[in-house]
Amino acid sequence: MAGRAATSSAKWARDFLFRRVSSNPLGATRNCSSVPGASSAPKVPHFSKKGRILTGATIGLAIAGGAYVSTADEATFCGWLFNATKVVNPFFALLDAEFAHKLAVSAAARGWVPREKRPDPAILGLEVWGRKFSNPIGLAAGFDKNAEATEGLLGMGFGFVEVGSVTPVPQEGNPKPRIFRLSQEGAIINRCGFNSEGIVVVAKRLGAQHGKRMLAETSGTLSSPSDDVKPGGKSGPGILGVNLGKNKTSEDAAADYVQGVHNLSQYADYLVINVSSPNTAGLRMLQGRKQLKDLVKKVQAARDEMQWGDEGPPPLLVKIAPDLSRGELEDIAAVALALHLDGLIISNTTVSRPDPVSNNPVATEAGGLSGKPLFPLSTNMLRDMYTLTRGKIPLIGCGGVSSGEDAYKKIRAGATLVQLYTGFAYGGPALIPQIKEELVKCLERDGFKSIHEAIGADHR
């Protein structure tokens with residue numbers, strides 16, 4: 001067994017090194033804007049030296065890994081790979097924030113990221129909406145906007161990954177620069193504005209992934225890392241969510257979301273109506289009681305009129321803002337209960353600038369704030385929503401999660417599942433197994449035998 005694992009891992013290291021050396025390290029810059037009339041010859045960006053450092057460090061790790069596998073079994077080598085990313089990850093901080101993001105997505109899309117081979121502990125497994133999650137830790141929308149890297153991201157050990165927001169028509173989003181780091185505070189401000197390649201492109205990618213999974217199931221090559229929790233998603237092991245947005249210039253928001261349902265729901269394990277981004281003018285107005293009720297009704301009708309198999313249609317969730325008043329939360333809870341909404345995501349980014357962010361000069365930039373400073377605001381709102389919905393609706397806690405203890409606090413406050421994004425951007429792949437390990441310790445410390453037992457524990 002150990003011999004086969006070592007051989008497999010050594011082959012991975014050789015293949016990784018070959019791909020890394022033979023590929024163009026600046027390939028991820030193809031989508032960067034160019035100056036009209038400029039020469040067609042590729043330009044070397046100002047961070048090319050830093051890029052070479054990053055490339056060299058990655059190659060060095062691949063070589064070291066290739067040497068290491070001769071004495072390690074697959075699980076040990078897997079752990080080493082995740083820990084090795086701690087060496088590479090700081091180099092991303094030297095790059096422009098948006099370029100670093102594109103590079104990370106590109107790496108995940110090409111398989112240049114560690115793949116989790118160790119099964120999740122049984123205590124982390126849970127079933128929601130009739131779908132089995134091997135763990136409750138997910139990646140929030142905004143990272144893989146165009147579904148380029150779902151296989152690589154799920155392979156890193158997330159229990160679920162949410163792609164998008166996807167708009168019907170391609171749009172560039174807001175002018176650059178539009179992503180700003182507040183490293184000392186563990187925060188990010190972004191005003192991307194739903195930059196998206198559009199439904200058609202995303203549908204093709206998800207369709208190809210779905211076809212690949214169906215082929216693997218038919219041929220019997222799809223395997224599960226655990227006998228307790230089987231792959232429950234349409235994109236392979238792990239659950240895939242699709243987050244739907246509206247175009248900036250669209251006059252009919254409901255039509256945009258309905259179009260997303262018609263084109264993407266067949267590939268989604270769950271769908272999200274995003275009405276809470278602060279970077280699209282007028283979008284948050286859709287969170288009003290009447291507006292939200294009308295919107296959800298239309299989207300539910302569009303989903304339910306489609307043909308579905310035995311598993312039924314994908315669950316429909318709404319993602320809300322953390323800047324709502326108590327009255328607005330009560331309205332949303334009433335709509336969710338009345339229309340039997342399948343879930344709520346709490347929350348999106350905030351337009352507020354809580355301490356210590358308020359003292360940072362970058363805080364004057366317009367956009368939504370995410371990361372550690374958002375944690376208290378989003379968690380208190382999560383707690384309120386759990387009370388208002390009487391624990392009847394699954395809630396996804398999102399905002400400021402960067403440790404297993406953070407995830408545990410969200411779960412105790414009422415979250416069934418937990419998402420992260422900014423914490424992942426700063427912590428890199430090594431954060432995923434770390435959070436899961438810490439979460440297990442939190443559960444065992446307080447005598448819980450499963451995630452389900454801990455959900456909403458603060459209310460009991």
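This is a short talk on the fold of one protein chain, from its overall make-up down to single residues.

Hi everyone, and thanks for coming. Before we start, please keep in mind that this is a predicted model, where local features need pLDDT of at least 70 and side-chain atom pairs count only at pLDDT 80 or more, while totals for chains, interfaces and linings use all residues. Residues are numbered from 1 along each chain as its sequence is written, and side-chain values use heavy atoms, with hydrogens and water left out.

Let's begin with the whole protein. It contains 14 helices and 13 strands. These are DSSP runs, numbered from the N terminus: helices are H or I with at least four residues, and strands are E with at least two. Of the 460 residues, 55% count as buried. Buried means under 20% relative accessible area, exposed means over 50%, and partly exposed is in between, using a 1.4 Å probe and protein chains only. The protein exposes about 20100 Å², and carbon and sulfur atoms supply 55% of that area. Those areas come from the Shrake-Rupley method with a 1.4 Å probe.

Now, how do the parts of the chain meet? Take the contacts between residues at least 6 apart in sequence: 74% of them join residues at least 24 apart. A contact here means heavy atoms within 4.5 Å.

On to the inside. A nonpolar core is a set of buried Ala, Val, Leu, Ile, Met, Phe, Trp, Tyr and Cys residues joined through side-chain atoms within 4.5 Å. The largest one has 100 residues, and those with the most contacts inside it are Tyr-257 and Met-385. Helix α13, residues 431-445, gives the largest share of this core, with seven residues. Apart from it lies another core of seven residues, among them Leu-182, Ala-187, Ala-363 and Leu-369.

Which residues does Met-385 touch, not counting those up to four places away in sequence? They are Ile-320, Leu-329, Ile-332, Ala-333, Leu-344, Ile-346 and Leu-395.

Two of those names, Leu-344 and Ile-346, take us to strand β10, where they point one way while Gly-343 and Ile-345 point the other, and all are buried. Strand β10 is joined by four bridges to β9, residues 316-320, and the two run parallel. Within that pairing, Val-318 has Leu-344 as its bridge partner. Two strands pair if DSSP finds at least two bridges between them.

Next, please find the open sheet of three strands, in the order β5-β6-β11, with antiparallel pairing. Its edge strands are β5 (179-182) and β11 (368-371), each pairing on one side only. From one strand to the next, the twist averages 25 degrees; the axes are lines fitted to C-alpha atoms, for helices over the stretch in contact, and angles run from 0 to 180 degrees between N-to-C directions. Four bridges join β5 to β6, residues 187-190, and Ile-179 stands opposite Asn-190 in β6.

Here are some backbone details. The peptide bond from Lys-176 to Pro-177 is cis, with omega near -5 degrees, and Pro-177 sits in the loop between β4 (160-166) and β5. Another cis bond joins Ile-346 and Ser-347, with omega about 15 degrees; Ser-347 lies in the loop between β10 and β11.

Trp-129 has phi near 55 degrees, a positive value in a residue other than glycine. Trp-129 lies in the loop between β1 (126-128) and β2 (131-133), and it counts as buried because its relative accessibility is 19%. Ala-147 also has phi near 55 degrees, in the loop between β3 (137-139) and α5 (150-155). Is Ala-147 buried or exposed? At 0% relative accessibility, Ala-147 counts as buried.

What about disulfides? A disulfide is a pair of cysteine sulfur atoms within 2.5 Å, and by this rule the count is zero. Cys-78 is buried because its relative accessibility is 3%, and Cys-398 is buried at 8%.

Let's finish with Phe-448, in the loop between α13 and α14 (451-454). Phe-448 is buried, with a relative accessible area of 15%. Its C-alpha atom is separated by 8.6 Å from that of Ile-123, 325 residues apart along the chain. Leaving aside neighbours within four places in sequence, Phe-448 has contacts that include Ile-123, Tyr-408, Arg-412 and Leu-443.
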